[in-house]
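Dear colleague,

Please find the structure below, handed over for your review. My findings follow it.

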Amino acid sequence: MTKALIVATNTPKFNNVDRATGLWLHEATHFNQVMTDNEIDVDYMSPEGGYIPLDPLCLSADNMDQVDWDHYLDATFRDTHLANSLKPESVNSADYQVIYFAGGHGAMWDFPENKELAGIAEQIDQNGGIIAANCVGVTALLAMRKRDGNRFTSGRQLTSFTNDEEALNGLTSEVKFLPEDELRKTGAKFVKGDAFKPNVVVDDHLITGQNPNSATAVGEAVIKDLLK
């Protein structure tokens, strides 16, 4: 049975300003929906396990669609996936053919240097699985290494939340770093699309999306890869 592991942040607040953050719900729900539609089971993991905070802005009426509401109002999704996510030490990478790092600004603080998350993703990659990530969640790739010790992102085509999008958000001076800049520093071939429009980049079994509106397309690209 094919299974996917969705990874979300535990970080509830920016560390330098009084601003709440967390998972951007849309990025989890829309990827989750594609997996469900294709009869792929999902588990949720976070760096510390347990509660996954939601960025309060993602719950505004303007940012919620029917897929988001269907998940948010589902007790199993809330009580099992969001309230009791798995800890990395309880995850067996051999059980998963897909790992997906969801975004939300909280991920900037607990993804980029997390060797436990990276180790699980590296093993899934080495087992021939798919590494997927979206928006700020792509920063999880910064901690990953290839078998030879080189950066996982070096020479790979990918995308993430862009400098332009962060500027339009008005958060350039408040975020920990700019994902586009940091990924470029690792030697990644960054592919930028229009701001807040779906953009997905596929490089072999590495699938990345630019922004929250790319989450469905990332899921669809994962399914296409699984069917090869």
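In which crossing does α1 pass α8, left-handed or right-handed? The crossing is right-handed, a term used when the near helix is turned clockwise from the far one by less than a right angle. Please note that this is a predicted model, in which local features need pLDDT of at least 70 and side-chain atom pairs count only at pLDDT 80 or more, while totals for chains, interfaces and linings use all residues. Residues are numbered from 1 along each chain as its sequence is written, and side-chain values use heavy atoms, without hydrogens and water.

Helix α1 (residues 25–37) packs against helix α8 (residues 215–226) at an angle of about 30°, and their axes lie 8 Å apart. Helices are DSSP runs of H or I with at least four residues, and strands are runs of E with at least two; axes are lines fitted to C-alpha atoms over the stretch in contact, with angles from 0 to 180 degrees between N-to-C directions.

The largest pocket holds about 370 Å³ of space. A pocket is an open set of points on a 1 Å grid where a 1.4 Å probe fits, with protein on both sides within 12 Å along at least five of seven lines; lining residues have an atom within 4 Å of a point. Volume is the space filled by probe spheres set on the points. Of its 17 lining residues, Trp-24, Phe-161, Asn-169, Phe-196 and Pro-212 are the closest to the centre.

The second largest pocket holds about 220 Å³, and its lining includes Arg-145 and Glu-182.

Over residues 78–224, the chain is 31% helix and 14% strand.

Yours sincerely
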